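Hi there,

Here is the structure I promised to pass on. My notes on what turned up in it follow just below.

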Amino acid sequence: MDALLSGSQVAMMAGVSLAAVCNWVARGYLPVATDAEGREVRDYRGRPRYRLRDALKADVATSRRGEARGEKMAGMVARRIEAA
């Protein structure tokens, strides 16, 4: 569950727009991943990365449907892992 995702990947898995993910970050629901030294994890272009577990928590916290939607995202992630 420590996989690192881009904002686009989080949006796709949660079924929301990239703008929604940006709102989650701005509102404090989705923190940028940090390394062991506390520095933000970013890709080669400087874009932030997010931990899968944090994305799941943010999806549940911001969803109108609550737990059901978070479970849907978790199921999608599990199927993708099994397929890989």
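The accessible surface of the chain comes to about 5,600 Å², by the Shrake-Rupley method with a 1.4 Å probe, and carbon and sulfur atoms hold 52% of that surface. Please keep in mind that this is a predicted model: local features need pLDDT of at least 70, side-chain atom pairs count only at pLDDT 80 or more, and totals for chains, interfaces and linings use all residues. Residues are numbered from 1 along each chain as its sequence is written, and side-chain values use heavy atoms, with hydrogens and water left out.

Of the 84 residues, 36% count as buried (under 20% relative accessible area; exposed is over 50%, partly exposed in between, with a 1.4 Å probe and protein chains only). The chain has four helices and two strands, taken as DSSP runs numbered from the N terminus (helices H or I, at least four residues; strands E, at least two). Along the sequence they follow the pattern β-α-α-β-α-α.

Now to the inside. The largest nonpolar core has 15 residues; such a core is a set of buried Ala, Val, Leu, Ile, Met, Phe, Trp, Tyr and Cys residues joined through side-chain atoms within 4.5 Å. Two or more core residues come from each of α1 (7-14), α2 (18-26) and α3 (52-62). Leucine 30, among the residues with the most contacts inside the core, touches partners including Val10, Trp24, Tyr50 and Ala58, not counting residues up to four places away in sequence (contact means heavy atoms within 4.5 Å).

In α2, the buried residues are Ala20, Val21 and Trp24. Seen down the helix axis, they fall within an arc of 100°, so they line one face of α2 (the arc is that of the directions from the axis to the C-beta atoms). These buried residues pack against α1 and α3.

Proline 48 sits in the loop between α2 and β2 (50-51). Proline 48 is 41 residues from glycine 7 in sequence, yet their C-alpha atoms are 7.5 Å apart.

Finally, the charges. There are five salt bridges, each a side-chain nitrogen of Lys or Arg within 4 Å of a carboxyl oxygen of Asp or Glu. Glutamate 40 pairs with arginine 42 at 2.6 Å between the closest N and O atoms; glutamate 40 is partly exposed at 45% relative accessibility. Arginine 49 bridges to aspartate 43 at 2.9 Å, and both of these residues are buried. Shared partners also join Asp35, Glu37 and Arg39 into one salt-bridge network.

Happy browsing!
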